[in-house]
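Reader: I would like to learn how to read a few local features and the packing of a model. Shall we take them one by one?

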Amino acid sequence: MPAALFTQPQIASIGVTEQDCRDRGRDCPVGTAAYGDTAYRWAMEDTAGFCKVLAEPGTGRILGAHLMGAQAPTLIQPLLLAATLGIDAATLARSPYWIHPALTEVVENALPDLGLWAHPAEEAP
């Protein structure tokens, strides 16, 4: 179930947390990205915020995602869609064309950080 808090900063989440995984004895890959590492946020001179994605080992299925920062409820939508439709992290990272510069790059950047394929610069399987 997706959730959003329209606070300052905004917060959005879907699925499990790292603590949920630990409590269940699961070792889930975690990918993170900072808003400040995107061209859009650098240009706006507002670098606060992050994106965290959790995936299932082996399949890359998105199990959870958490964002804190500007437009978090909007930015979580591609992750919610992928989780709902069974689109794995590698496919989500490499199949659509991501707009540059755009704040959605924070989501795009968190996906390769999961470490589910050989190297972030390589084409995902």
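Reader: Is Q71 buried, partly exposed or exposed?

Author: This is a predicted model. The classes are set by relative accessible area: buried is under 20%, exposed is over 50%. Q71 has 43%, so Q71 counts as partly exposed. Q71 sits in the loop between β5 and α3. Its phi is positive, about 60°, although Q71 is not a glycine.

Reader: Which residues touch the most other members of the largest nonpolar core?

Author: The general idea comes first. In soluble globular proteins, nonpolar side chains tend to be buried together. Here the largest nonpolar core has 28 residues, and L67, L79 and L111 touch the most other members. Elements giving two or more residues to this core include β2 (11-15), β4 (50-55) and α4 (77-85). Helix α5 gives the most, with 4 residues.

Reader: What is L111 in contact with, leaving aside neighbours within four places in sequence?

Author: L111 is in contact with V53, I62, L79, A89, L92, A93, W98 and W117. A second, separate core has 5 residues, including V16, C21, C28 and L54.

Reader: Which residues make the nonpolar surface patch?

Author: L5, I11, F50 and M68 make a patch of about 300 Å². M68 belongs to strand β5. At 32% relative accessibility, M68 is partly exposed.

Conventions: Residues numbered from 1 in each chain as written. Predicted model: local features only at pLDDT ≥ 70, side-chain atom pairs only at ≥ 80, totals over all residues. Heavy atoms only, no water. Core = buried A, V, L, I, M, F, W, Y, C linked by side-chain atoms within 4.5 Å. Buried < 20%, exposed > 50% of the residue type's maximum accessible area, 1.4 Å probe, protein only. Contact = heavy atoms within 4.5 Å. Patch = residues over 30% accessible without salt bridge, like charges linked within 9 Å, V, L, I, M, F, W, Y side chains within 5 Å. Areas by Shrake-Rupley, 256 points an atom, 1.4 Å probe, with all protein chains shown as cover. Salt bridge = Lys/Arg side-chain N within 4 Å of Asp/Glu carboxyl O.
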